[in-house]
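Here's a quick briefing to read with the model open in your viewer.

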Amino acid sequence: MLRDEHFYDYSTNIIEEEPGVEPEEGRDPAIFDARQFREHAETIIPALESYLADSSMRGLRLIDPFVLLSTAKDLMTKEHDSIAPLDKEKLKAIVDLYIRTGIQVHSPGFMGRQFSGVIPLSGVIDMVSSIVNQPSSFYEAGQLPNIAEHIIANEFNNFIGYHPDRFTMITTSGGSLANLTALLAARNDKFPGVWTEGLPAMAGQCRPAIAMSAEAHYSISRATGILGIGENQIVRLPVNEAGQIDINQVEPALDAAEKRGLKVFCMVASAGTTATGAFDSIDELSGIAGKKDIWLHIDGAHGASLLLSDELRYKLKGIEKADSLAWDAHKMLFVPSPCSLLFYKEKEKSYGAFQQVASYVFEKEPTVYTAFEGAEKNFECTKRPMIMNLWVLWALHGRALFSSKIEHLCRLTRQAHHVLETEPGFETLHQPESNILCFRYAPPELRIHPVPGFQVEIRNRICKQGQFFISKVDINNEAALRVVFMNHETTVSHFRMLLQAIVKSGRQIINEYKTGL
Ligand SMILES: *Cc1c(COP(=O)(O)O)cnc(C)c1O
């Protein structure tokens, strides 16, 4: 425990308002009143409580944006010359509108996206972060968040296996930014002059290139554009039936790229592809990357969380050999978004992402304080203390909270896959590797009467009916239905209900199409 002697005593420093003096215009004390804060919270918490307690099947009610626009405008004050007094009814109405217009992530009917119904306690901590407002890039601005990052880094690294004295971790606002940051570090490591001289200095020597599969998340190709590598310098690694990088074709693809004058400096593998949740073979890819002096980045935005499970960790075998790893806690660790972790095998290389001097913030020699902060390794300056939502859960409940939920969701996905295999008219497309499952409804009738855009139309109708939220994805250039099990309330029975709804909609679509012909 920190004793009181660690803190200044500010209690004698209060300046009393002079009696009888009206507060100046623009200093309405009620706005900042502590008791009012409690009152507002007490207005809002019951609404959230009933939202969380509602276990009905709900997906998303998609609203005409112009209708929503006018509803939102009706809730706004017309008064702008003096501070409008708070209208509690409108506050309630705004919160109610906010809750009801969202994808219902806490309902068992939510099976469509990779963000999750959050563990409620992490939402409460998020509110604390919003009130105490401690942007966490610098130690002095967020002391506990920086310590929490340090703790999570070390505890999570136990499951990665980097050398404890050499690795480092930062937090970023989202996996896309984590991927971009890692790729920057990779580029600056392999082309040391580029940060100061720019890419033109490279002209004539070689063309930097990045290798990835067609299944890589779009943030990777965007990063290629942002980095000045150019999308044309993406080397596409062929994938196998399971959607994984085909190991046998990696070296030939890299050799062919080299012959074309490309210098592949970075290879990106997915630990959980977005489409189907497939895991690339990190162990084997790291062997090839090591041999060819290529930086291996693992995009584990979705699937790195499986590292926390003794049962599922094997899917990331070899992870300790990768140079960097992006890991979204707002996906499979069920905290509010964004909360992303970026790990580097070598701390030194993390500084390479943003080599620059800003004397007003960066000390030349790290002090005992700055050694604990991530600012030099981070693009963001003001940054949410996102780690607190994760650390508090980890601190108070421990690893099993996460591993048991992850294992449950992956088991549920395997069960759902099994149901699909026995259900007439359904077509499975892959073995489930995590909690993502893609399939098609393709009854025999469809072969006689092919309906263009059939899967997409099913998906749209299912969502429109409001009970379920699912997504769609293209597999082998053909649309498919996609479910992502993110909610521990969802059971196999819910999935069977979804299949019934799909069959019903599918039959309707076929009939309408036949009568329309
Ligand atoms: C979700 C996802 C991303 C993007 O992460 P954000 O946190 O949404 O920015 C990147 N890669 C993969 C594999 C993902 O699943």
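What follows is a short tour, grouped by topic.

This is a predicted model, where local features need pLDDT of at least 70, side-chain atom pairs count only at pLDDT 80 or more, and totals for chains, interfaces and linings use all residues. Residues are numbered from 1 along each chain as its sequence is written, and side-chain values use heavy atoms, with hydrogens and water left out. The main stops are the largest pocket, at about 1,400 Å³, and a set of 19 aromatic pairs.

**The largest pocket**

- First, the terms: on a 1 Å grid over the protein atoms alone, a pocket is an open set of points where a 1.4 Å probe fits, with protein on both sides within 12 Å along at least five of seven lines, and a cavity is a set the probe cannot get out of. Points are joined across faces, edges and corners, and the volume is the space filled by probe spheres set on them.
- The lining of the largest pocket takes in 34 residues, and Leu48, Tyr98, Ile99, Gly123 and Asp126 are the ones nearest its centre (a lining residue has an atom within 4 Å of a point).
- Helix 1 (34-53), helix 3 (88-100) and helix 4 (120-132) each put at least two residues into that lining; helices (H or I, at least four residues) and strands (E, at least two) are DSSP runs, numbered from the N terminus.
- Helix 1 gives the most, with ten residues.
- Sorted by class, the lining has 21 nonpolar, ten polar and three charged residues. Here Ala, Val, Leu, Ile, Met, Phe, Trp, Tyr, Cys and Pro count as nonpolar, Asp, Glu, Lys and Arg as charged, and the others, Gly among them, as polar.

**Aromatic rings**

- The structure holds 19 aromatic pairs, meaning Phe, Tyr or Trp rings (the six-membered one for Trp) with centres within 6.5 Å; planes under 30 degrees apart are stacked, over 60 edge-to-face, and the rest tilted.
- One of them is the stacked pair of Phe110 and Phe469, at 6.4 Å centre to centre with 25° between the planes.
- Phe110 sits in the loop between helix 3 and helix 4, and Phe469 in the loop between helix 16 (454-465) and strand 10 (471-475), so this pair ties together parts 359 residues apart in sequence.
- Both Phe110 and Phe469 are buried, on a scale where buried is under 20% relative accessible area, exposed is over 50% and partly exposed is in between (1.4 Å probe, protein chains only).
- Phe156, Phe159, Phe167, Trp327, Phe343, Trp394 and Phe402 are linked into a cluster by ring pairs.

**The loop between helix 11 and strand 7**

- Phe334 lies in this loop and is buried, at 0% relative accessible area.
- Phi of Phe334 is near 60°, a positive value in a residue other than glycine.
- Over the ring of Phe334 sits the charged end of Lys405, 3.9 Å from the ring centre; that label needs NZ of Lys or CZ of Arg within 6 Å of the centre and within 35 degrees of the ring normal.
- Pro338 is found between helix 11 (329-332) and strand 7 (340-344) too, and a cis peptide bond joins Ser337 to Pro338, with omega about -5°.

**Another positive phi**

- Asp293, in the loop between helix 10 (282-291) and strand 5 (295-299), has phi near 55°, again positive in a residue other than glycine.
- Asp293 is partly exposed, with a relative accessible area of 46%.

- Val105 is in the loop between helix 3 and helix 4 and counts as buried at 11% relative accessibility.
- Not counting residues up to four places away in sequence, Val105 touches Tyr51, Phe110, Phe115, Ser116, Gly117 and Asn487 (contact means heavy atoms within 4.5 Å).
- Val105 and Gly59 are 46 residues apart along the chain, with their C-alpha atoms separated by 7.8 Å.
- Ala416, in helix 14 (residues 400-422), is buried at 1% relative accessible area.
- Thr71 is in helix 2 (residues 65-74) and is partly exposed at 30%.
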